[in-house]
Amino acid sequence: MDQEPVPLHRMVGVTGQRALVLGGGGVTGIAWETGLLHGLAEQGVDLAEADLFVGTSAGSVVAAELAGGSALADLYAGQLLPPDGEVPARLTPWMLARYALSYVMPGKPAAKRARLGRAALKARTPSEESRLAVFDSRLSTRDWPDRALKVTAVDATTGKFVAFDRDSGVPLVKAVASSCAVPLVWPPVTIDGSRYMDGGMRSVANVDLAAGYERVVVVAPLTRAASAAATPQAQAAKLGVPSIVVSPDGQALAAIGTNLLDPARRKPAAEAGRAQAASIADAVREVWDR
């Protein structure tokens, strides 16, 4: 996806040292991230001690839980439960083609996102109320945590990128629901008269929101981008501080499968994340514990 630089005012006034950036990746992304983080904690690398959490799409769910103090062991156990009648959604080839068309057409990044946003506003999806009820029932916390948390979203009408935090005056449930509002699959979320969609439409992880922090760990189920400069790896390198980007290994990709929105893949994805943690713990520790 195309992106514009984060405004300078978002990069100054940083008081913390370590940032954890959690990217998008659907239902299976939540599961894999949770399993990986739990596995790292078992290896003695507790990323839940971050000073800043940045969450995009699936990552916004995990970031909100961790910033709010939820225990990783409990979150992991929740990912192992049966889907309980949940019906899988799917990004169809037509939807993916619509995404691509929006971004290959000429125009500034916000205008390109607005094209997709207009299609999202017209799409036939479940009701906004039903989606909000899902997040209200699944999030362990309803209030913004004291620790720094940024939840990304995109205005579906203007294409403007936003990063909600506790000073935004936006309910946490709505912020997370908007960040997870995959265009054409789920409805954009109404906040103060505007409609917001998936923050991943600007960047799969929005790593640049961690600018100003001294050490950055990025957990990204997805790493592809419209340009090499927009990948999580490139964004992390541009920060100029010790950082690492962790994405699913081969076994995790096989466990996740081809449909990121299939709740039946939640358990194997979580287990694969936990198993992967042992192989990358030392590399993550080198960044996190400097």
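Leu101, Val104 and Met105 make up a nonpolar patch on the surface of this predicted model. Where does Met105 sit? Its place is in the loop between helix H4 (93-104) and helix H5 (109-122). Met105 has 34% relative accessibility, so it counts as partly exposed.

Ala100 belongs to helix H4. Ala100 is also partly exposed, because its relative accessible area is 40%. Ala64 lies 36 residues from Ala100 along the chain. The C-alpha atoms of Ala100 and Ala64 are separated by 30 Å.

Now turn to the strands. Strand S6 covers residues 194-198. S6 pairs with strand S3, residues 148-155, in the antiparallel sense. Three bridges join S3 and S6. Which residue of S6 stands opposite Val154? That residue is Met197.

S6 also pairs with strand S5, residues 189-191. This pairing is antiparallel too, and it runs over three bridges. Here Thr190 stands opposite Arg195 of S6. S5 and S6 form a hairpin with two residues between the strands. In that hairpin, Asp192 takes a positive phi near 50 degrees.

In a regular strand, side chains alternate between the two faces of the sheet. That is a general point to keep in mind when viewing the strands.

Next come the aromatic rings. How many aromatic pairs does the structure hold? It holds one. The partners are Phe164 and Tyr196. Two values describe such a pair: the distance of the centres and the angle of the planes. Phe164 lies in strand S4 (residues 161-164) and Tyr196 in strand S6, so the pair ties together parts that are 32 residues apart in sequence. Are these two residues buried or exposed? Phe164 is buried, and Tyr196 is buried as well.

Two arginines also meet aromatic rings. The charged end of Arg131 sits over the ring of Trp186, at 3.7 Å from the ring centre. The charged end of Arg202 sits over the ring of Phe161, at 4.5 Å from the ring centre. Phe161 falls within the residue range of strand S4, 161-164.

Notes
Residues are numbered from 1 along each chain as its sequence is written. This is a predicted model: local features need pLDDT of at least 70, side-chain atom pairs count only at pLDDT 80 or more; totals for chains, interfaces and linings use all residues. Side-chain values use heavy atoms; hydrogens and water are left out. Patches are made of residues with over 30% relative accessible area and no salt bridge: like charges are joined within 9 Å, nonpolar side chains (Val, Leu, Ile, Met, Phe, Trp, Tyr) within 5 Å. Accessible areas come from the Shrake-Rupley method with a 1.4 Å probe; for residues, only the protein chains shown count as cover. A salt bridge is a side-chain nitrogen of Lys or Arg within 4 Å of a carboxyl oxygen of Asp or Glu. Helices (H or I, at least four residues) and strands (E, at least two) are DSSP runs, numbered from the N terminus. Buried means under 20% relative accessible area, exposed over 50%, partly exposed in between (1.4 Å probe, protein chains only). Two strands pair if DSSP finds at least two bridges between them. Rings of Phe, Tyr and Trp (its six-membered ring) pair if their centres lie within 6.5 Å; planes under 30 degrees apart count as stacked, over 60 as edge-to-face and the rest as tilted. A charge sits over a ring if NZ of Lys or CZ of Arg is within 6 Å of the ring centre and within 35 degrees of the ring normal.
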